[in-house]
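Me: Could you pick one part of this model and look at it closely with me? I am new to this, so please also show me how it sits in its surroundings.

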Amino acid sequence: MSVPVIQTENANLELMSGKSMLHILNDVTFTVNGGEVTAIVGPSGSGKTSLLMILGGLERPTSGKVVVAGQDISTANEDQLAIFRRNNLGILFQNFHLIPSMTALENVALALEIAETRLSLKEIRQRATEALEEVGLGDRLTHLPSALSGGEQQRVGLARAMVTSPTLMLADEPTGNLDQDTGARVIELMFNLARKKGTAVLLITHDPNLARKADRVLTMNKGRLTETAKAAVPA
Amino acid sequence: MSRLANWMRVAITDLLGDLRRFGILLAALALGVGTIAGVSSVGAALQDTILRNANILMGGDLQVVRADRRADAAELAYITSLGEVSETISSNSRADAIDDSGNTVFLDIYAVDGNYPLYGNVESPQLKPGEKPASLLALKDGVYGAIVDPVILDRLGIDLGGHFRVNATEFEVRGLLTSLPNGALRGFHLGLTALMSIEAQQANPNARAPLPGLLTQYGYKIKLAEGDYRTQQPIVAAHFAGDPQWKVESPYDAAGDLSRFYDLFVRFLLIVGLSSLLVGGIGISNAVNAYIGERQRAIATLRSLGATGGRVMVHFFTQIGLLALVGILIGLVIGAVLTAAALPVLGSILAVELPPTVHFPSLATAFGFGALAAFAFSYLPLVNARKMKPAMLFRTVGTSVQSLRAREYFELGVVLPLLAAALLMFALAWWTTRDFALVFWYSVGVIGAFLLLRFAGVALQHLLRVLPPLPNTAWRNAFRGIHRPGSPAPVVIMSLGLGLAMLLVIIILTANVRSQLTGQVTQDAPTFVATDMFDDEIVDLGDFLASTGIVTNFQHSPMIRAAVTKVKGVPSAQLRDNKGISGEAQYMIGSQEILMTWQADLPANSTITAGQWWPADYDGPPLVSLKDDVAKSLGIKVGDTIELTLFGESIEVTVANLREFQFQTGLNYLVTATPGTFDDFPGTNLAIIKAADGKEKDLERALARRYADITFIPVGEALNQAAEILGQLSVAVNIVGGLAVLNGILVLAGTMAAGRKQRESDAVVNKVLGATRGDVVRVFSLEYALLGIFAAALATAVGIAGAYMIIRLAGLDVGFGVDPVLILGVLAGSVVLTIVTGAATTWKALSTRPAQYLRSLG
């Protein structure tokens with residue numbers, strides 16, 4: 001039996017908006033196993049991204065338990081969470097969040113510099129180059145993000161997320177800013193890389209076609225998460 | 001027009017919702033303008049007061065002075081024919097307590113006749129307002145009256161009404177002196193002031209000056225019956241033309257030196273104020289740049305909705321213009337308040353009445369400087385806003401700011417307004433200081449420093465870019481942070497460098513002026529000097545001083561008084577009118593005798609700069625050694641001759657060598673001759689004595705008891721008094737310097753604001769990738785330490801060069817030295833400040849949960 005990578009129990013998130021309290025996540029309880037690709041679908045504002053933020057240690061749940069890669073992150077402090085991320089996670093954002101002043105190679109190498117402190121610069125560069133070659137950007141190593149297309153920027157983001165061979169990849173609508181073909185290619189790459197490295201993927205998407213490619217589909221609605229049969233995902 | 005008004009209205013509405021961010025802009029302008037307004041107002045008030053009250057400050061409409069004797073009957077008849085006359089005599093002497101306490105004090109004697117003062121009043125609690133002092137000074141029951149500085153009572157251990165002696169003449173203290181109307185123009189004097197009658201002074205047989213330079217001055221102040229100094233001065237000067245000993249001075253001549261001194265002081269402060277505004281300008285530029293940068297998406301949105309570049313320019317120009325106006329007005333209020341507060345204090349220090357007033361022309365000047373600086377430093381960011389392209393809305397390249405392309409800087413529309421503003425500032429500075437050379441060289445210096453720092457930043461980036469990547473991650477990332485595209489490093493280097501350079505200029509100048517005038521002198525100066533001591537007295541004095549156990553230094557050397565009457569065959573009298581001759585050289589060739597010595601060995605603490613010292617057993621024609629700078633000022637070289645006159649005889653001596661030395665560091669004379677030169681004349685000795693710290697008064701009493709006939713001049717005390725006055729004046733320099741430093745810190749904060757958004761964004765991405773707060777802050781700290789050290793190193797070079805140039809060009813007659821401890825302290829402080837400011841601006845972003853930032857970054 002596979003070890004769970006994500007285990008949450010009654011995770012709740014409440015945020016202040018002006019003077020009123022918003023209940024973003026409601027008793028979210030679910031499990032994702034190692035190497036499993038899980039898609040979360042749901043309408044805008046339903047709490048998908050907030051759940052991903054909590055799982056990435058970027059947001060703290062108001063209550064409940066969140067265990068990721070065997071570590072309870074609901075009580076960890078900021079620095080413990082940073083170390084947790086570098087050791088276990090890869091994150092892919094809709095808006096890429098590349099550092100604009102760094103080349104594609106430097107952006108990918110940065111993740112290794114932070115996570116793999118024992119590696120020499122040469123090894124870091126070697127592995128970053130390989131990661132970019134794997135996503136088809138071997139000829140774009142020295143380009144700044146501003147010189148890359150959206151699809152290329154997202155592939156740099158993917159290389160950066162995967163270069164450390166994480167246990168879990170969190171992807172927040174990674175194709176949201178890309179056209180259908182480019183998006184499909186990025187997803188293809190992501191799934192292939194994840195399967196090759198045995199990385200579990202939690203994918204947030206609006207795209208039903210994309211969701212159907214996952215092993216499992218969960219639906220988020222008004223902060224509540226429910227399991228959905230793949231066949232039931234609307235076309 | 002209504003469209004423009006509408007645009008402006010929208011701009012103001014937009015601004016009101018975002019006012020907090022402009023604190024730095026407002027503060028930088030307010031401080032710069034406030035400094036200029038304060039400094040120029042105080043300067044103007046000082047000049048006005050000196051010139052408006054010149055006749056009070058001098059004590060007459062005209063005065064005739066000489067140093068060797070009183071006017072004879074014919075001269076006096078002529079002088080009194082011009083109007084009402086008051087005779088004064090300035091001299092020095094020692095006063096002793098009548099009792100056997102041994103208490104003694106060195107007096108600055110100001111002897112006056114019954115008409116004194118012709119203008120103004122002697123201030124004393126014992127005098128009714130407007131009452132002349134003569135009534136208190138007259139001879140009563142065989143005792144003369146005196147009005148004295150209250151400290152004299154403490155020194156002599158007596159009270160008002162008590163008695164003291166000056167040689168054989170007895171005085172009664174009948175009044176305490178608060179101030180003399182002409183006190184400010186009497187300048188530096190040795191000893192504590194005692195006002196007495198001419199008769200009393202003349203009754204004192206000790207008419208000889210106790211030290212060369214302490215000349216007795218015989219003055220006749222004239223309240224003209226007809227005309228004024230403009231018509232009468234040439235007539236009186238022509239009358240006395242046959243006797244060059246007489247000097248005829250108008251109040252403006254007398255006030256001239258004082259006025260020129262304060263003028264220089266004020267010009268120096270004004271330049272500091274202007275520097276403060278220029279450095280503040282960098283802060284303004286950074287703040288506006290940061291603002292435009294953060295608004296670039298809004299600008300692009302406006303442009304994509306059809307707003308013209310002009311519309312965008314008007315929008316932001318209105319906002320910045322309005323803010324600048326507020327900043328300048330705050331500055332003017334600060335300047336006016338500073339002036340009103342400073343004038344009475346300064347007046348009391350300088351013994352001039354300076355009522356608290358507001359000088360509107362100075363405020364107008366400061367307004368002009370502020371408006372021009374605000375325009376010049378915000379214009380480029382505003383042009384940038386005008387030229388922003390809406391296309392950036394469609395790119396996702398992070399938060400970096402679009403900037404002008406290199407060729408866009410040279411477009412006429414960009415260059416001309418900036419050039420006009422720079423020229424107007426130059427003209428205003430010239431008009432204010434009335435010193436073209438100073439403003440010209442200052443501008444060259446500022447532009448040179450600006451270019452140096454700007455290009456040094458770019459060069460550093462280039463160097464770091466081409467260097468192979470370092471193996472250490474933190475160092476590598478810090479280097480990358482400096483040379484990466486869009487890095488604020490060049491701006492940080494320029495802002496910090498300029499601010500720091502200016503701070504160093506101020507610190508170095510202040511330290512040099514202070515150490516020249518006070519520091520070294522008071523440290524090394526002897527406590528007492530005595531002249532004309534016979535050989536047996538010197539031996540006895542040596543034994544006596546050794547027995548007291550409170551003397552740390554006693555030196556003596558032979559001395560003789562002689563005048564330098566010819567230089568290279570030319571009579572000294574013909575050389576004295578040459579304005580190019582330095583003050584010390586003028587003194588050497590003056591009409592009076594100066595102290596000279598003879599010596600076989602090279603005096604300690606002096607260095608030969610030309611020629612050779614004579615052999616110890618030299619027995620040839622008379623040779624002399626001269627002080628290097630004095631000889632150079634007179635054009636004297638080794639091998640030239642000078643003529644010395646003493647006891648009515650003249651001897652010609654050849655210059656054997658020139659030496660550099662400081663009087664404070666030992667017994668040194670302007671003229672030192674070979675042994676045997678003065679054998680035919682009766683020489684005496686000069687002694688210098690330094691008392692142990694805190695034992696000065698004990699030694700003074702002991703010497704007075706033992707050597708009743710010898711005057712020991714308390715030079716250390718006089719120098720301490722001078723140091724105190726200069727110390728008080730330097731408070732003004734420190735306040736202005738402090739304001740400049742504050743502006744520098746604001747600039748630094750503004751610079752950090754320029755790249756804050758990008759830095760925060762990068763920091764959050766690093767954190768998402770797993771970097772701890774410590775990791776990120778370490779890299780930022782390293783980056784800012786490198787920037788700080790680099791800027792500090794450049795600023796040190798620029799600051800030292802700037803201070804050196806100002807000392808040379810502004811003609812400040814001080815030496816040049818740099819205190820490495822002080823400089824290192826300032827530099828270390830600035831580097832730490834840079835690191836702390838840089839790290840602090842990032843810490844907030846790092847301490848917040850990343851989700852919040854990621855949401856706001858979109």
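Reply: Let's begin with chain A: of its contacts between residues at least 6 apart in sequence, 70% join residues at least 24 apart. Please keep in mind that this is a predicted model. Chain A has seven helices and ten strands, and 50% of its 235 residues count as buried.

Now for chain B, where our close look will be. Chain B holds 27 helices and 19 strands, and 45% of its 858 residues are counted as buried. Of the contacts in chain B with a separation of 6 or more, 85% are between residues 24 or more positions apart.

The part to zoom in on is helix H14 of chain B, residues 412-433. With 22 residues at 1.5 Å a residue, H14(B) should span 32 Å, and its end C-alpha atoms lie 31 Å apart, which agrees.

Next, look at which residues are tucked in. Those of H14(B) that are buried are B:Met425, B:Ala429, B:Thr432 and B:Thr433. Viewed down the axis of H14(B), these buried residues fall within an arc of 85°, so they line one face of the helix. Here is a handy rule: an α-helix has 3.6 residues a turn, so residues three or four places apart point the same way. The face of H14(B) turned away from the buried side carries exposed residues: B:Leu412, B:Gly413, B:Leu416, B:Leu419, B:Leu423 and B:Trp431. Just after the helix comes B:Arg434, with a positive phi of about 55°.

With the helix in view, let's see what else chain B contains, beginning with a helix residue. B:Asp14 belongs to helix H1 of chain B, residues 2-16. B:Asp14 has 15 other C-beta atoms within 10 Å, so it counts as partly exposed: a buried residue would need 20 or more, and an exposed one 12 or fewer. The C-alpha atom of B:Asp14 is 9.6 Å from that of B:Phe316, although these residues are 302 apart along the chain.

Chain B also has paired strands. S8(B), residues 217-224, pairs with S1(B), residues 62-66, in the antiparallel sense over five bridges. S8(B) is also joined to S2(B), residues 83-97, by eight bridges, again running antiparallel.

Elsewhere, S6(B), residues 169-176, pairs with S4(B), residues 144-148, in the parallel sense over five bridges. There, B:Tyr144 has B:Phe171 as its bridge partner. S6(B) also runs antiparallel to S5(B), residues 163-166, with four bridges joining them; B:Arg165 is partnered with B:Glu170. Two residues lie between the strands in this hairpin, where B:Asn167 takes a positive phi near 55°.

Finally, let's see where the chains meet. In chain B, 30 residues are in contact with 29 residues of chain A. Helices H24 (756-768), H25 (773-809) and H27 (850-857) of chain B each supply at least two residues of the side touching chain A. H24(B) gives the most to that side, with five residues. Sorted by class, this side of chain B has eleven nonpolar, twelve polar and seven charged residues.

Note on methods: Residues numbered from 1 in each chain as written. Chains lettered and ligands numbered in written order. Predicted model: local features only at pLDDT ≥ 70, side-chain atom pairs only at ≥ 80, totals over all residues. Expected span 1.5 Å × (residues − 1). Arc of directions from axis to C-beta. Pairing = 2+ DSSP bridges. Contact = placed C-beta atoms within 7 Å. Nonpolar A, V, L, I, M, F, W, Y, C, P; charged D, E, K, R; others polar.
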